[in-house]
Amino acid sequence: MLIVPCPHCGDRPEIEFRYAGPAHIERAQRPAELSDEDWASYLYLRDNPKGLHFERWRHIHGCGRFFNAARDTVSDRFVASYKAGQKRPEIPR
Amino acid sequence: MSRYSIFSLARNALSGHRNWPRQWRSPEPRREYDVVIVGAGGHGLATAYYLAKEHRIQSVAVLEKGWLGGGNTGRNTTIIRSNYLQDESAAIYEHALKLWEGLSAELNYNVMYSPRGVMMLAHSVHDNQVLKRHIYANRLNGIDNEWLSPEEAKRFCPPLNIGRNIRYPVTGAALQRRGGTARHDAVAWGYARGADGMGVDIIENCEVTGLRRGADGAVTGCDTTRGFIGAKKVAVVAAGHTSVVMAMAGVRMPIESYPLQALVSEPVKPVFPCVVMSNSVHAYISQSDKGELVIGAGTDAYVSYSQNGGLHVAEHTLDAICELFPEFRRMRMLRNWGGIVDVTPDRSPIIGLTPVAGLYVNCGWGTGGFKATPGSGHVFAATVARGEPHPIAAPFTLDRFRTGRLIDEAAAAAVAH
């Protein structure tokens, strides 16, 4: 079980959280103008990186808030976590 | 390739079994092949086998970064069934099941296919309705599946607890009698031996590090840890690492990789006659011919390439097993591992062409690819050989995520992941 760093509550066990998919995916400003390719990309295509992954979590059994985290998908080690709405941090590879 | 038979067995017994030939060569890669397959798991090896056998394309290499069958082929719970809900899925899994039935003879290799029956449990009125809907859909597609009362389920699988006093009592079951298990390693080895015998080069310890494309955009070959290998066509069959390999050609995939866990108990005498799965309580169990109880757990909630998985995920499954089969409560679990599965948004595979000329992909089998191995290789080989989808593979295009013609099997998985 992972120890997940909630930026509001600190380190807590994984079962208090819900994973909520990749972070920093922006919804189109004018969805009616999107092509089918753009919709497919938005809805379905994923980077799925082997390595650093920016992702959303929700501390559902804690503060209840969404936040973002950077995690290494090979070691599962959390590199950073930050509040929703904050910019993606620069992380040296 | 020397044929296995009662005579070869007797002949080798006389020399103390010291002179069996190697089952496949370990060749140096040539400079170029007609087809290079990335990934020597069951699906990749089956693809190579059918390319050589049915399409007479023998200039084929199968590149494997580790050892043959060492990924999900060696990590799954070996369940075979074809009772899928949607017509497209039923067609491809039934195609595979029919090939399983003759596979040992086809390969001259005992893959230990054992149609011992796959029983899916219901625990509520809703479950009963869903499973019966599956049964009727399966029958319309000519696939065997039948409804059992709790008492009939108990007769078919005596260890099952059908008491009314458990948290989720058994209210019935759907049984596919032709479903069962096979020996996972033997499937990979059998296909490898058969393909090698027809001239296919299987190259282990050879990781693909790049996909090269020519001026017209078409693939020209792979950069590997053993040098550049040219190819007219490249077929990616890399399961959990599909996104990584396809990114080398600049193609983003509708795939996320998750660890899926399995575990085995200490070996015991034959106590468990069939395969039992329950979607509602997430139990998934059979007994191997070695005597171990083979138990499938769920995926982790987050994407990961660590072949591991959280302990609470396996524990959740064991809770359900102990309730349904109280006699197993004292058994010790010997090994626990994870495999990286490639999950698509609609939980159906992707088989076919890609936006890059000469590049083909077979992936997205997610948590249930083993059962499809022969069928997957068979239709993918035809797709690669002809440059157009085999009719059974045709609905499973990558393009369906653009057109919206998804094949939604998310609710039809044996156990919800």
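Before going on I noted the conventions. This is a predicted model, in which local features need pLDDT of at least 70 and side-chain atom pairs count only at pLDDT 80 or more, while totals for chains, interfaces and linings use all residues. Residues are numbered from 1 along each chain as its sequence is written, chains are lettered from A and ligands numbered from 1 in the order in which they are written, and side-chain values use heavy atoms, with hydrogens and water left out.

**Chain A overall**

I put a box on the C-alpha atoms along the principal axes and got roughly 40 × 30 × 25 Å. Of the 93 residues, 34% are buried, meaning under 20% relative accessible area, against over 50% for exposed and partly exposed in between (1.4 Å probe, protein chains only). I then took the contacts (heavy atoms within 4.5 Å) with a separation of 6 or more; 46% of these in chain A join residues 24 or more positions apart.

For charge I counted 15 positive and 13 negative side chains in chain A, with the centres of the two sets 6 Å apart. Lys and Arg count as positive and Asp and Glu as negative, leaving out His and the chain ends; each charge is placed at NZ of Lys, CZ of Arg, CG of Asp or CD of Glu.

**Interface of chains A and B**

I found 24 residues of chain B in contact with 24 residues of chain A. The two chains bury about 2,100 Å² between them, 53% of it on carbon and sulfur atoms; this is the accessible area (1.4 Å probe) that the two parts lose on being put together, summed over both.

The rule gives two salt bridges across the interface, each a side-chain nitrogen of Lys or Arg within 4 Å of a carboxyl oxygen of Asp or Glu. I noted a salt bridge between Glu37(A) and Arg402(B), with the closest N and O atoms 3.7 Å apart.

**Two residues of chain B**

His95(B) lies in helix α3 (residues 87-101). I counted His95(B) as buried because its relative accessible area is 18%.

Gly366(B) sits in the loop between β18 (359-363) and α10 (373-386). Gly366(B) is also buried, at 14%. Leaving out residues up to four places away in sequence, I found Gly366(B) touching Val341(B), Asp342(B) and Val343(B).

Methods. Helix = DSSP H or I, 4+ residues; strand = E, 2+ residues; numbered from the N terminus.
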